[in-house]
Amino acid sequence: MPANSPATASTSAPLPFLGFGLGLRTQHFQQVLTQSPAVDWFEVVSENFMVAGGKPRYFLRAIGERYPLVMHGVSMSIGSADPLNFDYLAQLKQLAAEVQPAWISDHLCWTGVDGRNSHDLLPLPYDEEVVEHVVERVCRVQDYLGRQLLLENVSSYLTFSEQSMSEWEFFAEVCARADCLMLLDINNVYVSARNHGFEPREYIDYLDPARVQQFHLAGHSDYGDYVIDTHDHDVPDPVWALYRHALRRFGAVSTLIERDDHIPELPQMIEELDSARQVFAEECAAGAACVS
Ligand SMILES: [Fe+2]
């Protein structure tokens, strides 16, 4: 760990290494049940299953009997200046009681203010005041849910003019002080690095391996001068290269292929997942610490 990284010994029991997973998408529900594909685990978008009953909950239950699940949310708005939404958190807690996920994640961002929802994952100003604000809220959420939360780094296209920390310093500081874990989206690191002109390996090298519980791998749209985090392409070569670097830094971390648009047939998704397994095997053979 770099000398100036925050000290971060976690006080909670370690979560398991789940292997290689996919985001569970509606168009694959039936196939997952009938074909039992070679996927180690699935990540489900929490908000898609918050309505009790109906087909989505039927598939969730049936798939959850066959595969480990994790819950990934988009609406916690942990960085907002609005009060925490305990109606939402109650629904999340109830869903978790049914799903029994290995863990619950959301994003280190804000999605709205004054009761208005942007339906977007917006970046925060990176400074001490915001660290304190977010840490206090993460601690309250973790107390309420009775478990550690994972926070994901979002991609960004702008930065605030007045901030005193890099994104990676902010991310590390929040997670260390709130004693929460990281969902490190490798593609988001790459997208933000391209948009803001920083070195993505510096970001990865700063983070404490003990905090990194999950990776996201995804594709993006590259417009030359800027990159948009569209999640509608295969994982491109620069993101695979950064994944290799992350494996050498963090060792065995549960890895998920995230695809939200132009979603291919399940066999194609599994091919991409197998590419991740292959990269992992190669890095292990080359000396990465592969035992979780
Ligand atoms: Fe992600």
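Modeller: Let's start with a term: a nonpolar core is a set of buried Ala, Val, Leu, Ile, Met, Phe, Trp, Tyr and Cys residues joined through C-beta atoms within 7 Å. Buried means that 20 or more other C-beta atoms lie within 10 Å of the residue's own, exposed means 12 or fewer, and partly exposed is in between, with C-beta atoms placed from the backbone. This is a predicted model, where local features need pLDDT of at least 70 and side-chain atom pairs count only at pLDDT 80 or more, while totals for chains, interfaces and linings use all residues. Residues are numbered from 1 along each chain as its sequence is written.

Colleague: Okay, which residues touch the most other members of the largest nonpolar core?

Modeller: Val 174, Cys 175, Met 182, Ile 186 and Leu 217, in a core of 73 residues. Helix H5 (residues 167-178) gives the largest share of this core, eight residues. Helices here are DSSP runs of H or I with at least four residues, strands are runs of E with at least two, and both are numbered from the N terminus.

Colleague: What does Cys 175 touch, leaving out residues up to four places away in sequence?

Modeller: Leu 151, Cys 180, Leu 181, Met 182 and Arg 211. Contact means C-beta atoms, placed from the backbone, within 7 Å.

Colleague: And the sheet: how do I read its pairing?

Modeller: Strands of a sheet pair through backbone hydrogen bonds, either parallel or antiparallel. For two strands to count as paired, DSSP has to find at least two bridges between them. Here eight strands close into a barrel, ordered S1-S2-S3-S4-S7-S8-S9-S12, with parallel pairing.

Colleague: Are the side chains of S12 buried or exposed?

Modeller: In a regular strand the side chains alternate between the two faces of the sheet. In S12 (residues 254-257), Ser 254 and Leu 256 on one side and Thr 255 and Ile 257 on the other are all buried.

Colleague: Last one: how do I describe a helix pair?

Modeller: Two packed helices are described by the angle between their axes and the distance between the axes. Helix H8 (residues 237-250) packs against helix H9 (residues 266-285) at about 45°, axes 10 Å apart. Axes are lines fitted to C-alpha atoms, for helices over the stretch in contact, with angles from 0 to 180 degrees between N-to-C directions.

Methods: Contact = placed C-beta atoms within 7 Å.
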